Amino acid sequence: MFEELRHIIEKNEYIVIFGHINPDGDCYGSQIGLRDLLRLNYPNKKVYAVGSGWRRFFNLIGNMDVVDDEIIKKSLAILVDGNDLMRMEDQRIGTAKEFIKIDHHMENNKFTEGKFVIDDNANSTCELIVKFIWEAKWKVNPTICNALFLGILTDTGRFQFIEDFPIAFKEASYLCENGADPKAINKVLNITNEDALKFKGYVFTHYQKTETGVIYLTFKYKTLEELKVSPSKAGGMVNLLNNVLGYPIWAFFCENEDGTCHAEFRSSGPGVQPVAAKYGGGGHYHAAGVTLADMNEETIQMIIDDLDTVIKEYQKEE
Ligand SMILES: [Mn+2]
C-alpha cells in the first residue's frame, strides 16, 4: 500500500513534514514519528517537521523544526493527518516542489497534488505509519515509538474508538516492545490545572440543548479569554458533553480572535461528518469540525437544525 510513497521519499533529499491547523496528538505524533523514522533510516536525507506541535510533549518526544523558505522550495512535502493543503498549519507548504499525503480522514475533495495513502477505517494516522514501518521494514527507536503511541492513544480516546481491536492492539504492542512508554505518556496527558477546572465548571452550568437531542455550547471570544482557554483548546474539549443520556450529538461553537468560529461536532450514532462537510468542514463520521466565517446566530441555528435532522433520520433507521 505504501510502495509508491516509499519510492517518492527515497528519491528526495529534502523532506518537510506538515501537520494541520490546531495540531492534536495524532498530528504531532505522526509528524515527529515519521521525521525521526526517515532520519534514522535515511541518514543522508534532511528531514524536518514544521508547525506548532504539542508543547507539553516536547521534553518526552521532541521539538518541532524551524525551516527556512528556501529549504521548503526544494522539498518533498508530506501532509499527515489532514485532508488538503489548505488545512495545513504552515501555509508555505504551497511552495514545496512535490507532495504526498498520509491520512485517515474522509476526503472532501480529491487530492490532486500528489500520491497518497488514505484509509478512513484507520483509527489514527500514527497507525498508518506503523503499517508503513512494517511494509518498508524500517528500523525504529524508543522516541519514534513514543510519538506513534501518543497518536494512537489520543485518536482512539485511549483505546475506545477502534475499528479493528486486534490490529490496534498488535500495533500498540509492537510500539511498546520497541520502547514506547505508555506510563510516561499518560502521565503527561493526565496533568490538568485550575483553569481547566474553571472551564469545566462553566461548561457544565451553561450548556444548551434541543428537544431532539443536540447538546451544545457557544463561546464568545471574550468568554474564552476570561476562562483563559484558547478557542482551539476549547474546541478540543467538546467531549466534556459526551454521552449524556438522550443527547446523541454534542457540539461546541468557539469564536476565534479574528471573529471566525471554530465548531466541533461529536456523535454516539448519527453521522456528523456530512453536516460539517455541508458548511465546508470535514473529519470523521462521528467526529467532525468546521471553521465558519463568523459567529452568525442564524448560521449556528441552521447547523443545529441540521444536526437535529440527522438524529431524526438515524432514529427512523434504527
Ligand atoms: Mn488523526
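## A loop residue, Tyr285

Tyr285 sits in the loop that joins strand 10 (282-283) to strand 11 (287-292). The model is predicted. Tyr285 has 13 other C-beta atoms within 10 Å, so it counts as partly exposed. A residue needs 20 or more such atoms to be buried, and 12 or fewer to be exposed.

Which residues does Tyr285 touch, leaving aside those up to four places away in sequence? They are Gly271 and Gln273. Gln273 is twelve residues from Tyr285 along the chain, yet their C-alpha atoms are separated by 4.7 Å.

## Two domains

The chain is assigned two domains. Domain 1 covers 3-189. Domain 2 covers 194-317. Their centres, taken over C-alpha atoms, are 27 Å apart.

The domains also touch. Six residues of domain 1 are in contact with seven residues of domain 2. On the domain 1 side, the touching residues are one nonpolar, four polar and one charged.

Helix 2 spans residues 25-41, 17 residues in total. From its first C-alpha to its last it reaches 23 Å. That is close to the 24 Å expected at 1.5 Å a residue. Of these 17 residues, 14 are buried, so helix 2 is largely enclosed by the rest of the structure.

Asn22 lies in the loop between strand 1 (14-18) and helix 2. Asn22 is not a glycine, but its phi is positive, at about 50 degrees. Is Asn22 buried or partly exposed? It has 19 C-beta neighbours inside 10 Å, so it counts as partly exposed. The cut-off for buried is 20 or more.

Helix 5 (residues 142-155) has 14 residues. It reaches 20 Å from its first C-alpha to its last, close to the 20 Å expected at 1.5 Å a residue. Twelve of the 14 residues are buried, so helix 5 is largely enclosed by the rest of the structure.

The buried residues of helix 5 include Ile144, Cys145, Asn146, Leu150 and Asp155. What do the buried residues of helix 5 pack against? Their partners are helix 2, helix 4, helix 6 (165-177) and helix 7 (182-190). Just after helix 5 comes Gly157, with a positive phi of about 60 degrees.

## How helix 4 meets helix 5

Two packed helices are described by the angle between their axes and the distance between the axes. Helix 4 (residues 125-136) packs on helix 5 at an angle of about 135 degrees. The two axes are 7 Å apart. That angle makes helix 4 oblique to helix 5. Angles over 145 degrees would count as roughly antiparallel.

Which residues make this contact? From helix 4 come Thr125, Cys126, Glu127, Ile129 and Val130. From helix 5 come Leu148, Gly151 and Ile152. By class, the contact has five nonpolar, two polar and one charged residues. Leu148, Gly151 and Ile152 are also among the buried residues of helix 5.

## The loop between them

Lys137 lies in the loop between helix 4 and helix 5. Its phi is positive, at about 55 degrees, although Lys137 is not a glycine. Lys137 has 7 other C-beta atoms within 10 Å, so it is exposed. Helix 5, by contrast, is largely enclosed by the rest of the structure.

How values were computed:
Residues numbered from 1 in each chain as written. Predicted model: local features only at pLDDT ≥ 70, side-chain atom pairs only at ≥ 80, totals over all residues. Helix = DSSP H or I, 4+ residues; strand = E, 2+ residues; numbered from the N terminus. Expected span 1.5 Å × (residues − 1). Axes fitted to C-alpha atoms, helices over the stretch in contact; angles between N-to-C directions. Parallel < 35°, antiparallel > 145°, perpendicular 65-115°, else oblique. Contact = placed C-beta atoms within 7 Å. Nonpolar A, V, L, I, M, F, W, Y, C, P; charged D, E, K, R; others polar. Domains from an automatic or database assignment.
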